Each structure stands twice: as C-alpha cells, then as structure tokens.
Amino acid sequence: MPSAAEKAEAEVLFQDAKKLMLQKRWPDACRKLEASQRLDPAGGTLFNLAICHEEEGKLATAWVEFGDALAQAKIDKKTERIKLSQEHIDKLDHRLPRLVVRLEGPAPRGLQVYRDEVELREASFGSAIPVDPGEHLVRATAPKFLPYEERFSLTEGQTKTLVLPALT
C-alpha cells in the first residue's frame, strides 16, 4: 500500500505527464506515467500510459497495457474505459509486428534464447509473439556450444520468422 507521500508524488507525476501529452512530448510523458504507476498503481494511469506508448510507437507495449487496463476497468466497473481499452486493442492488433522463432533442429540441452533482454520459453517457439517496432536482437546459447546472434528490424504489421540454426 503506497504511503501518502508516494500517492502525492504519483499524482504530481501523473498531472505533469498529462501536460506533456498535450505537448506531444511522448517519451517524457511516458517516463512520468511509468513512475506514477510504480508508486501508486491505478487503472487510469495505466490507460494513459498505454495511450502514451501507442503514440510513442511502442505498439506491443501499448497493446499489453491496454489489455491490463481493460482487465482493471472491468474490476473497477468503468464502462467507458472498458469500451476505449477494447477499441485500442482491436485497432492495434493488425499493426503489431510479430516475431516467430523456430529451431532448425533439436534443442541442445540447456538452450536459452533471448529476444532483446526477454527470455523466450520453449513453448513460445513457433508462435507469433507481438514485439515493438524497431531493432531487435535474438541470442541463443547452450553449454558447450558457440552462441548465435541475429539482429533485425521490424516495422508495423510485419511478421518475421527467425529460424535458429543448430548451434555448433
């Protein structure tokens, strides 16, 4: 439970972020909303953060946040926010870049695959996972094998299938 001081700081950050959003200063606004949400999580802050990330071009991030905002709006019985969150989710779905990672052969023991800093679980191989547009790095490692890395860029609506070659 946030303290009174944390709630006050979160409110100031939220209000500052709203002003920055009106000025279309998306990166600055998003940072303030992120800090506000960490201090005092709230459905309205989360919804605004999703809008901010969408405007900033972080489509997959926004899509996830709108999903979380939708779930919170249902709990809070916020009818208008439910409607708006769902509209944003639907609108973003076709714009999302997606990455499919497949293995060329059997997975060596101890294989770890990362997309940027996020570890990909074996169950996600073959699935089209939403990612933000831009530069990405996939890195695969396993004990006693040379690591494999591939850098690539994705644009809105693009799906990339990356086949990881057998590690040597």
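I'll start with D116, which at 31% relative accessibility counts as partly exposed; that term covers values between buried, under 20% relative accessible area, and exposed, over 50%, with a 1.4 Å probe and protein chains only. This is a predicted model, where local features need pLDDT of at least 70, side-chain atom pairs count only at pLDDT 80 or more, and totals for chains, interfaces and linings use all residues. Residues are numbered from 1 along each chain as its sequence is written, and side-chain values use heavy atoms, with hydrogens and water left out.

Back to D116. It sits in the loop between β2 (112–115) and β3 (118–120). Helices (H or I, at least four residues) and strands (E, at least two) are DSSP runs, numbered from the N terminus. D116 is not a glycine, yet its phi is positive, about 60°. Most residues other than glycine have a negative phi.

K77 is another such case: a positive phi of about 55°, and again not a glycine. K77 lies in the loop between α4 and α5. Is K77 buried or exposed? It is exposed, with a relative accessible area of 69%.

Now α5 itself, residues 79–93. Its 15 residues should span 21 Å at 1.5 Å a residue, and the end C-alpha atoms are 21 Å apart, which agrees; the expected span is 1.5 Å times one less than the number of residues.

Which residues of α5 are buried? They are S85, H88, I89 and L92. Seen down the axis of α5, the buried residues fall within an arc of 100°, so they line one face of the helix; the arc is taken from the directions from the helix axis to the C-beta atoms. An α-helix has 3.6 residues a turn, so residues three or four places apart point the same way. The buried residues of α5 pack against α3 (43–56) and α4 (59–76), where contact means heavy atoms within 4.5 Å.
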